[in-house]
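I opened my notebook for this one and started looking things up. Below is what I checked, entry by entry.

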Amino acid sequence: MKGLFITFEGADGCGKTTQMKMLAEFLSGKGHDVVLTREPGAKGLGEKLRGILLNYDGMVSDKCESFLFLADRAQNVDTIVNPAVQEGKIVLCDRHVDSTVAYQGYGRGLDLNEINMLNNLATGGRKPDLTFVFDIDVETSMKRVGSEKDRMESAGIEFHNRVRQGYLELAKQEPNRIKVIDASLSIEEIHKKVVEVIRGYCG
Ligand code: TYD
């Protein structure tokens, strides 16, 4: 069987991680071999990089931040995603290339062409077969995150509005790959929509 690479994207607090886990259970229940991973922070070195990216309290330049996310991505793709997909597994990944476009590109204002080029280098050009963007307004997502915010979550309302617009723009550019789901619905309603989309990919 052909493997699949599916990514989960959206604002902090959009509920993507919950949906990813629900889909993993659904697919495992259908007999598929499912692998879960995340960026930043795939198992091993990625966990160290995640600690720096989210908790380092000194100054981090925008470019350094991007390169750290990209280093983590290369490691995830080379050591987890590609081997699993080649074995015919379904890989579900919490955040991937579109996060860097939305957060470092639209959010921080780095050059989008450069980010696309760097993303390509990090992934070897492999794109996800399918991407879910869980769309939610920034006020609601920040409320869900609560008062204990990490370095990225503390970047401010305007930053997070730009991130949201970035995701919606990406979805317009690649409607076949990127499916936008209204993340203000209930967890069960969202799961139903995810499953409807998935049926077109792996029955
Ligand atoms: P995540 O673990 O998904 O946090 P949460 O569970 O709170 O959504 O992502 C960590 C943070 O890293 C999140 O704020 C988005 C940010 N990020 C980027 O800015 N660029 C990237 O390329 C990636 C992968 C994540």
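Entry 1: I started with Pro40, which sits in the loop between β2 (34-38) and α2. Helices and strands here are DSSP runs (H or I over at least four residues for helices, E over at least two for strands), numbered from the N terminus. I then looked at the peptide bond joining Glu39 and Pro40, and it is cis, with omega about -10°. I made a note that most peptide bonds are trans.

**Entry 2: ground rules.** I'm working with a predicted model, where local features need pLDDT of at least 70 and side-chain atom pairs count only at pLDDT 80 or more, while totals for chains, interfaces and linings use all residues. Residues are numbered from 1 along each chain as its sequence is written, and side-chain values use heavy atoms, with hydrogens and water left out.

**Entry 3: around the ligand.** Which residues are closest to the ligand? I found 15 residues surrounding the ligand, the closest being Asp12, Arg50, Arg95, Thr100 and Gln104. A residue counts as near if one of its heavy atoms lies within 4 Å of the molecule.

Next I checked polar contacts, meaning pairs of N or O atoms within 3.5 Å; within protein, one must be able to donate a hydrogen and the other to accept it, and residues adjacent in sequence count only if both atoms are side-chain atoms. The side chain of Asp12 has an N or O atom 2.6 Å from an oxygen atom of the ligand. For Lys16, a side-chain N or O atom is 2.8 Å from a ligand oxygen. Gln104 has a polar side-chain atom 2.8 Å from a nitrogen atom of the ligand.

How much of the ligand does the protein cover? On its own the ligand has 540 Å² of accessible area, and the protein covers 91% of that. These areas come from the Shrake-Rupley method with a 1.4 Å probe; for residues, only the protein chains shown count as cover.

**Entry 4: who makes the shell.** I listed the elements that give two or more residues to the shell around the ligand: α2 (45-55), α3 (62-86) and α4 (97-107). The largest share, four residues, comes from α4. I sorted the shell by class and got five nonpolar, three polar and seven charged residues. For that, Ala, Val, Leu, Ile, Met, Phe, Trp, Tyr, Cys and Pro are nonpolar, Asp, Glu, Lys and Arg are charged, and the others, Gly among them, are polar.

**Entry 5: back to Arg95.** I found Arg95 in the loop between β3 (90-94) and α4. Its phi is near 75°, a positive value in a residue other than glycine. Most residues other than glycine have a negative phi. Is Arg95 buried or exposed? Arg95 is buried, with a relative accessible area of 10%; buried means under 20%, exposed over 50%, and partly exposed in between (1.4 Å probe, protein chains only).

Entry 6: Ile80 lies in helix α3 and counts as buried at 11% relative accessibility. I compared Ile80 with Ala42: they are 38 residues apart in sequence and 8.1 Å apart in space, C-alpha to C-alpha. Pro83 is in helix α3 too, but Pro83 is partly exposed, at 30% relative accessible area.
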